[in-house]
Amino acid sequence: MLILGLETSCDETGVALYDTERGLVADALHSQVDLHAVYGGVVPEIASRDHLRRLLPLIRQVLGDAGIDKPDVVAYTAGPGLVGALMVGGGMATGLGLAWECPVIPVHHMEGHLVAPMLEEKAPDYPFLALLVSGGHTLLVWVRALGSYQVLGSTLDDAVGEAFDKTAKLLGLGYPGGAALARLAESGNDQAWQFPRPMFNREGFDFSFSGLKTAVMLKVREVQSLEDVRADIAASFQRAVVDTLVARTLKAAKYKNAARIIVAGGVGANESLRAALNEQFSGEVFYPRAEFCTDNGAMIAIAGALRVTDAANPATIYAKARWSLESLQPPAA
Ligand code: KG4
Ligand code: ZN
């Protein structure tokens, strides 16, 4: 069965084709980063309009690459995300579903991130602990099976990707600066400053990153020449974030007696985080390849494949700005 996946929840237009027999067949992505960079953040109306412009050409490209006229199923991101942006993907998916007379499956964006490691040869078995770290979310989730989720912890303020982006901005690295900050950190001394490890000794599994962000901001104001210490600040910030994420994740893994951990979402591409988890966790750690950590169509296509029994009414567009992961159910039998 061939599943076409459409991702339009934020600032990337992602399209991919997944074959339940052969795996990923084709994928294409258009990032809107340049359009939003001048505003220092995502402008929802600009995002929606650009999805509208990019989606059909990308679908044509993916179907062309795969050498087919139409898929058997269309899956799309129905939330959480920017409602206008979601409506573009949902409108396209339902329109195509009606025209092609094929099932249409609304997908939860975070479930997409969760199953992205299953696109790889080394794919995890259930149950596993998931650390989902993106620009909008920071979640520790116990995954018993597809659609059976217990959220153990989340952030009380900024998402971890947001903390990377805001810190990158302070260091003059542009937007979104997570990957640029990680590159700069490579040449810095991560012991230069001891930034706070928020919630380190707090009970439970929640995160908080606004205090760390403030500490970095105060440091930036205090230094004589930012240029001389930018790399050290980046490295020390990244070390504080990685220490915090790893400590909380290992604590949750112990609590759940987890044999496997998966890491996904944009910050999951961070090499320093990967190295620390690989070194400190005694079980197995799974990741999507770096390009499928950030938003993409492939994760929506495979999530659609796993939920192929959950077709929705193709005359209804589902678009939810907020949508709890725990409210999901396992796929219909
Ligand atoms: O998953 P994603 O594409 O979008 C959301 O759903 O939010 O994640 C984007 C986030 C941005 O905050 C970006 O700065 C961050 O992931 N990011 C990184 C790295 N690559 C992307 N953060 C740290 N290190 C990286 N290598
Ligand atoms: Zn995402």
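The model is predicted: local features need pLDDT of at least 70, side-chain atom pairs count only at pLDDT 80 or more, and totals for chains, interfaces and linings use all residues. Residues are numbered from 1 along each chain as its sequence is written, and side-chain values use heavy atoms, with hydrogens and water left out. The largest nonpolar core has 57 residues, and helix H10 (residues 297-306) gives the most to this core.

**Nonpolar cores**

- A nonpolar core is a set of buried Ala, Val, Leu, Ile, Met, Phe, Trp, Tyr and Cys residues joined through side-chain atoms within 4.5 Å. Buried means under 20% relative accessible area, exposed means over 50%, and partly exposed lies in between (1.4 Å probe, protein chains only).
- Within the largest core, the residues with the most contacts are Leu4, Leu6, Ile59, Leu114, Leu132 and Leu325.
- Helix H10 contributes seven residues to this core. Helices (H or I, at least four residues) and strands (E, at least two) are DSSP runs, numbered from the N terminus.
- Contact here means heavy atoms within 4.5 Å.

**Enclosed helices**

- Helix H10 is largely enclosed by the rest of the structure, because nine of its 10 residues are buried.
- The buried residues of H10 are Gly297, Ala298, Met299, Ile300, Ala301, Ile302, Ala303, Gly304 and Ala305.
- These buried residues of H10 pack against strands E1 (2-7), E2, E3 (23-31), E4 (73-79) and E5 (104-108), and against helix H4 (109-115).
- At the start of H10, a side-chain oxygen of Asn296 reaches to within 3.0 Å of the backbone nitrogen of Ala298.
- Helix H6 (residues 178-185) is also largely enclosed by the rest of the structure, because six of its eight residues are buried.
- In H6, the buried residues are Gly178, Ala180, Leu181, Ala182, Leu184 and Ala185. They pack against helix H5 (160-170) and H8.

**Two buried residues**

- Asp19 is found in strand E2 (residues 12-19). Asp19 counts as buried because its relative accessibility is 7%.
- The side chain of Asp19 makes a polar contact with the side chain of Arg22 (2.8 Å). A polar contact is a pair of N or O atoms within 3.5 Å; within protein, one must be able to donate a hydrogen and the other to accept it, and residues adjacent in sequence count only if both atoms are side-chain atoms.
- Not counting residues up to four places away in sequence, Asp19 touches Met1, Leu2 and Val25.
- Pro124 is found in the loop between H4 and strand E6 (128-133). With a relative accessible area of 7%, Pro124 is buried.
- Pro124 and Val285 are 161 residues apart in sequence, and 8.5 Å apart in space from C-alpha to C-alpha.
- Pro124 touches Pro117, Met118, Ile262 and Phe286, again not counting residues up to four places away in sequence.

**Surface patch**

- Val83, Met87 and Ile317 make a nonpolar surface patch of about 220 Å². Patches are made of residues with over 30% relative accessible area and no salt bridge; like charges are joined within 9 Å, and nonpolar side chains (Val, Leu, Ile, Met, Phe, Trp, Tyr) within 5 Å. A salt bridge is a side-chain nitrogen of Lys or Arg within 4 Å of a carboxyl oxygen of Asp or Glu. Accessible areas come from the Shrake-Rupley method with a 1.4 Å probe; for residues, only the protein chains shown count as cover.
- Val83 is found in helix H3 (residues 83-100). At 38% relative accessibility, Val83 is partly exposed.

**Backbone features**

- Most residues other than glycine have a negative phi, and most peptide bonds are trans.
- A cis peptide bond joins Gly79 and Pro80, with omega about -15°. Pro80 lies in the loop between E4 and H3.
- A cis peptide bond also joins Tyr126 and Pro127, with omega about -10°. Pro127 lies in the loop between H4 and E6.
- Glu101 has a positive phi, near 55°. Glu101 lies in the loop between H3 and E5 and is exposed, with a relative accessible area of 74%.
- Asn257 has a positive phi, near 55°. Asn257 is found in the loop between helix H8 (226-256) and strand E9 (260-264), and counts as exposed at 69% relative accessibility.

Methods: Chains are lettered from A and ligands numbered from 1 in the order in which they are written.
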